[in-house]
Amino acid sequence: MSKVQSDATSSKTIADQIIVDLDDVHLRLDSGAGPVNILRGVNLQVGRGERVGVVGPSGSGKSTMMMVMAGLERPSAGRIRVAGRDLGSLNEDGLARFRRDHVGIVFQAFHLVPTMTALENVAIPLEFAGVSDAFDRARLGLEAVGLGHRIHHYPGQLSGGEQQRTALARAFVAEPALLLADEPTGNLDIDTGATIVKLLFDLAERRGTTLVLITHDPALAARCDRTVRLADGRIADDGQSSRRERVRLAGE
Ligand SMILES: Nc1ncnc2c1ncn2[C@@H]1O[C@H](COP(=O)(O)OP(=O)(O)OP(=O)(O)O)[C@@H](O)[C@H]1O
Ligand SMILES: [Mg+2]
């Protein structure tokens, strides 16, 4: 097969396996000081099973991009397809089911339910999803992040890093096809952070999970297949050319 043909074949295969597709996504919000253009024409495709690091200055729109990918924020313009669904065509119930079935999310501010213990925070979403051994799986998830001794603590009784690990356990116990995490190691010491990163990448390896990891940590970004750089509400670099260069060098 000629090189041109093989490139065409491989790009078709990749196009068939796109799990996240943001097409000219804009988000404009009104603040007290007037309207703010937060996302200004974001185009991004992520392949199934790909591990993508998202970097960029504070305020560049990383967390907002994650919110639109998860269907938690509707764009002002543009189209978002995730796991084969056009998020614009789903109503709020449809979006909630879509997230339950396909997406695990770790928020920058954790979003744990303060009146539930760590165990309940992890188990209840599984129960909603109809998992029969939700509490056993939640316990194992918390043990995996080193919190086996804190399962009956409420978020207010957990340190910042412990809350972050609880949020991570909640996101990955359901083994979602797409895991979105906003600075998953931001509050952790180096050793605990390394444990968490290993967990995420092991899960990705085992289940073919797609990872989109927002991070200020260069070591974490370097472990990903590519690094997407946001600046001022746009993709400044989608990381594809440096990825191709790495693949080329590895093949030499
Ligand atoms: N609800 C809102 N109303 C108005 N402006 C907002 C709103 N939410 C976010 N912004 C603004 O949008 C911009 C992007 O915010 P975002 O949280 O996505 O940044 P970020 O890249 O995640 O930054 P960081 O690295 O600090 O977490 C910021 O300038 C922020 O002030
Ligand atoms: Mg952020």
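**Exercise 1. Describe how helix H4 and helix H6 pack in this predicted model.**

*Solution.* Start with the geometry: H4 (residues 118-128) packs against H6 at an angle of about 20°, and the two axes are 8 Å apart. Helices here are DSSP runs of H or I with at least four residues, strands are E runs of at least two, and both are numbered from the N terminus. Axes are lines fitted to C-alpha atoms, for helices over the stretch in contact, with angles from 0 to 180 degrees between N-to-C directions.

Next, classify the angle. H4 and H6 are therefore roughly parallel to each other; the classes are roughly parallel under 35 degrees, roughly antiparallel over 145, roughly perpendicular from 65 to 115, and oblique for the rest.

Finally, list the contacts, meaning C-beta atoms, placed from the backbone, within 7 Å. From H4, Ala118, Asn121, Val122 and Pro125 meet Thr166, Ala169 and Arg170 of H6. By class, this contact has four nonpolar, two polar and one charged residues. Ala, Val, Leu, Ile, Met, Phe, Trp, Tyr, Cys and Pro count as nonpolar, Asp, Glu, Lys and Arg as charged, and the others, Gly among them, as polar.

A word on conventions: residues are numbered from 1 along each chain as its sequence is written, while chains are lettered from A and ligands numbered from 1 in the order in which they are written. As the model is predicted, local features need pLDDT of at least 70 and side-chain atom pairs count only at pLDDT 80 or more, whereas totals for chains, interfaces and linings use all residues.

**Exercise 2. Now bring in helix H5 and work out its packing with H4 and with H6.**

*Solution.* Take H4 with H5: their axes come within 8 Å and cross at roughly 130°. That makes H4 oblique to H5, and the crossing is right-handed. Among the residues that meet are Ala118, Val122 and Leu126 in H4 and Phe135, Ala138 and Leu142 in H5. This contact has nine nonpolar, one polar and three charged residues.

Then take H5 (residues 134-144) with H6 (residues 160-172): the axes come within 9 Å and cross at roughly 130°. H5 and H6 are therefore oblique, with a right-handed crossing. Gly141, Leu142 and Ala144 of H5 meet Thr166, Ala169 and Phe172 of H6. By class, the contact holds four nonpolar, two polar and no charged residues.

**Exercise 3. Which residues are closest to ligand 1, and which element gives the most to its shell?**

*Solution.* Count first: 13 residues surround ligand 1, the closest being Ser58, Gly59, Lys62, Ser63 and Thr64 (near means a C-beta atom, placed from the backbone, within 6 Å). Strand S1 (18-31), strand S2 (34-47) and helix H2 (62-69) each give two or more residues. H2 gives the most, with three. By class, the shell has three nonpolar, nine polar and one charged residues.

How values were computed:
Left-handed = near helix turned anticlockwise from the far one by under 90°. Contact = placed C-beta atoms within 7 Å.
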